[in-house]
Structure formats: structure tokens, C-alpha cells
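Here are my notes on the model you sent.

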Amino acid sequence: MPRHNLSPSLIARFFHHECQRFLRYSAVPRADRRALGIPDAVEEHTQVSELLTAKGLAWEDEVVGRKIPGLVHMAPGGGAYHDRRFSAEESLRVLSSMAAGSGAYQATLIVPPSFYRRYGLDPEVCSFHECRPDLIWCLPDREGRLLRVIDLKATDSLKTSHRIQVGLYALILDAAIADGGISAVADRNSAGIWLQDADTPEILTIGTDLQVLEHFLADELGKIMAAPPASLPWHLQPKCEQCPFYLSCRREAEESGSVSLIPGLTAGGRQFLRDGAGVETLHDLDRFLSSPGADEALEACGSLRGKGEVLRRQVRAVREGTVVPLDGASPSLPVNESVGVIITLQREPVGGRICAAGFRRFKGKDIYDAPSREWIGVAAGEEECGAVAGGFVQALYDELAVLSAYNEGKAFAEQRSLQTYVTDLSLIHI
Ligand code: SF4
């Protein structure tokens with residue numbers, strides 16, 4: 001039995017959280033955690049998480065059963081496709097013999113000794129579990145065969161963690177092919193992500209991802225796994241709410257008066273304060289900010305540049321539990337703009353699709369028939385999400401096209417300006 005829970009999906013989640021503590025804690029099997037002072041993980045089994053799991057499995061069944069029927073080698077047995085997995089021995093046989101134009105579903109890969117040697121990893125300190133890419137697809141490669149990893153994701157957008165996961169599968173497949181004497185080549189240039197409802201997988205170029213991963217495996221993973229768990233850096237961020245150790249980290253932050261309690265402080269900002277000024281707690285930060293030259297020192301950190309006064313007020317607010325006003329922007333909108341548009345978009349929690357969207361155009365009386373216009377679309381079910389997003393884009397396009405037509409051919413000084421607003425900064429990413 002491997003001594004650790006390392007796997008491509010765990011490493012992908014590490015890249016998502018950007019937290020060494022998360023990786024170190026999660027990689028230790030549950031039974032060994034107490035002895036190392038690692039808190040219990042709280043895995044939330046909410047209705048949403050159950051729906052997400054069910055949706056992921058249904059998507060796998062849909063792809064292998066209906067999108068590419070007859071082209072996929074599947075482990076023998078009855079029941080749902082997602083319950084059928086090749087053993088490691090069966091996988092070697094299938095990967096050795098399958099023809100170009102076919103694939104293997106849930107083949108089991110054992111991380112071979114050559115993988116650990118290649119990256120200087122001690123298997124006693126960093127051991128990987130057996131892993132199963134959803135699909136390994138066989139393509140012709142000159143006279144031979146190329147094996148490409150394809151992962152199935154029940155979401156409609158590609159994430160960095162998807163790239164990391166398929167990239168690590170590709171590196172493991174590469175080593176497993178060499179170790180197992182399989183006459184094929186692993187595809188280290190491309191991998192596939194098959195997103196929800198797509199007819200074909202999206203093929204990604206993964207060369208840069210593999211460079212990042214190989215650097216991580218060779219230079220960072222061993223150090224993280226050899227370190228005492230309590231010594232590793234951590235920092236509370238909004239995405240920590242998805243982490244099973246959130247409650248204990250939150251409690252620790254409150255009990256120790258950690259600088260992590262400052263809202264909006266980035267992981268990079270926290271590292272800068274720790275490494276550059278020895279700041280761990282709110283008290284440390286208060287002391288640092290009161291010292292001469294603190295504001296100049298913050299200039300060296302991108303996320304803290306020019307934020308000295310805001311930080312001082314945030315520290316006061318958190319330490320004293322009181323409201324300290326910032327010199328924030330006024331909620332009033334600029335008076336000189338010609339046309340304003342406020343946009344809002346919401347994602348549904350299971351698949352992350354846009355399920356509600358809307359905009360409100362205001363001003364522009366001399367351009368539009370009406371002084372304002374609202375467009376709001378809300379999907380009644382998952383199947384309507386695409387129509388809502390499409391309807392939103394079309395309606396917004398039509399509204400802006402009127403302004404564009406008005407400005408067409410006019411001198412710059414006579415043209416009307418447009419200002420757009422979002423109700424939440426997270427919308428910028430959507
Ligand atoms: S809650 Fe956040 S800080 Fe704590 S282990 Fe998880 S990712 Fe790291």
C-alpha cells in the first residue's frame with residue numbers, strides 16, 4: 001500500500017488552492033493524520049456535491065456509451081460503465097494491443113520506480129496511488145502508436161486544474177509505457193479534456209504545463225512532503241471554503257490573530273509580508289505598518305503596492321471588531337458618461353454554467369427610443385442555461401449596436417461614450 005494519497009487529482013487541487021499545507025495534510029492517509037498533528041478533514045456531503053458527483057458519472061457514461069460507442073475498451077462486467085475499471089495487469093494488456101482509433105476507459109496506471117527516479121523522489125516520502133485517466137486514446141504515430149490522455153469533465157469551462165491533472169497523467173503514462181515495455185509513445189505534447197455536452201474533446205497543448213509540473217516534481221514536491229506539516233505556509237482565501245481543512249485553518253487564524261484574517265490579502269502578499277518583514281499576526285502587521293519606511297517597502301509587492309493606509313484601517317477593523325471606513329469609491333455613477341450599462345451574471349453551483357444573466361442600460365435618451373432598457377434571463381433548468389447565455393449576448397449586442405450605429409461617421413467630440421459596470425468583481429472572470 002502506498003504511504004501517501006498523492007494522485008494527479010490531488011496535485012491539481014494543490015495548484016488550485018496554491019497551498020502547501022493543503023497538499024501535505026491531504027497526502028497523509030487519514031489513519032496517520034492524528035499522529036502528525038493534522039486536523040480531521042471535514043468533507044461536506046451536500047446536495048450540491050452529491051449532484052456534482054452524479055453528474056460527473058453520468059457524463060462519463062454518456063461519452064463512452066453514446067458519443068463513441070464501440071470504440072472504447074471497457075473492463076468486463078455488467079452495471080454502469082463508470083463502475084468498470086481495468087486492473088493494472090489488464091490495463092497493460094489493453095494498452096499494448098489496442099489499435100489506433102480506439103481507447104481504453106478507466107485503465108489503471110501504477111506509478112513505476114522510473115518515475116520516482118526521474119524526479120529524484122523518495123517513494124518512502126512521496127508515494128502515488130494507482131491512478132485512472134478516464135480515457136487513454138490511441139492514435140497512429142508514423143509506424144507506431146501514440147497514446148493520449150483524455151479526461152471527461154462535467155463542466156462547460158476549462159480550468160487550470162484540468163490541465164495540471166491531464167499533464168500529470170501524461171507524465172505517469174510516459175513512465176508506465178517505458179516500464180511496462182509497451183510498444184507505443186505517450187503524447188507529451190497534447191491531451192484532451194472532454195467538456196460537458198461537447199461532441200468531441202478539446203485538445204490542449206500541454207508542453208508548458210509539463211515544464212511547470214516537472215519543475216514541481218523535481219524541486220518542490222519532495223520538500224513539501226518531507227517537511228513537518230505545521231511548518232508549511234498557508235493562507236486563508238475565499239477558495240479555502242472548498243477545502244476540507246477550512247474549519248481548522250479558520251479556527252487557527254482566529255486563535256492566533258493571524259494576518260490571514262485580513263480580507264483580500266493574496267497568498268503572494270502574505271508570503272511577501274512573512275519573508276520580507278517577519279509578519280505572521282495582526283500584531284506583527286500593526287508593528288510593521290507603524291515602522292518608518294513601511295509604505296516604501298510595500299511598493300515591492302504587486303498586490304500590496306499603495307495599500308499601506310488601507311491595511312492600517314483593515315488591521316484596526318479586524319483587531320477591534322469595529323467598522324473603519326475606507327476612502328472608497330462613491331456608489332454614484334459618473335455624470336459625464338453618455339450611456340451606462342450594468343451587467344450581472346450568475347453561475348449555477350453544479351456545472352458552473354451561467355444560469356441567470358441580465359443588464360440594465362440607462363441614459364442615452366437622444367440615442368435610444370426609451371431612457372432605459374432591462375434584459376433579464378433566468379434558466380428554469382440546466383437545459384436552458386445555453387439559451388439564457390446566448391440570449392444575453394444577443395440582447396447586449398443589439399443594445400450596443402444602436403450606440404455604435406449612432407457614433408458611426410461622427411467626429412470624435414460628437415460621439416457618445418459607453419461605460420459598463422459589473423455588480424461583483426468575480427463577474428470579470430465570467
Ligand atoms: S483551508 Fe486554505 S489555508 Fe487551510 S489547508 Fe485548506 S487551502 Fe490551505
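**Notes on the model**

1. Leucine 147 in β4 stands opposite cysteine 138. The antiparallel pairing of β3 (residues 135-141) with β4 (residues 144-153) runs over seven bridges. Strands here are DSSP runs of E with at least two residues, helices are runs of H or I with at least four, and both are numbered from the N terminus. Two strands pair if DSSP finds at least two bridges between them.

2. This is a predicted model, in which local features need pLDDT of at least 70 and side-chain atom pairs count only at pLDDT 80 or more, while totals for chains, interfaces and linings use all residues. Residue numbers start from 1 along each chain as its sequence is written.

3. Two residues separate β3 and β4, which form a hairpin. Arginine 142, in the turn, has a positive phi of about 50 degrees.

4. β3 also pairs with β2 (residues 103-105), in the antiparallel sense and over three bridges. Tyrosine 105 has leucine 135 in β3 as its bridge partner.

5. The ligand is surrounded by 13 residues (C-beta atom, placed from the backbone, within 6 Å). The closest are Cys19, Trp234, Cys240, Cys243 and Cys249. α2 (20-27) and α9 (246-256) each supply at least two residues of this shell, and α2 gives the largest share, three residues.

6. The chain has 14 helices and 11 strands. Its C-alpha atoms fill a box of roughly 70 × 55 × 40 Å along the principal axes.
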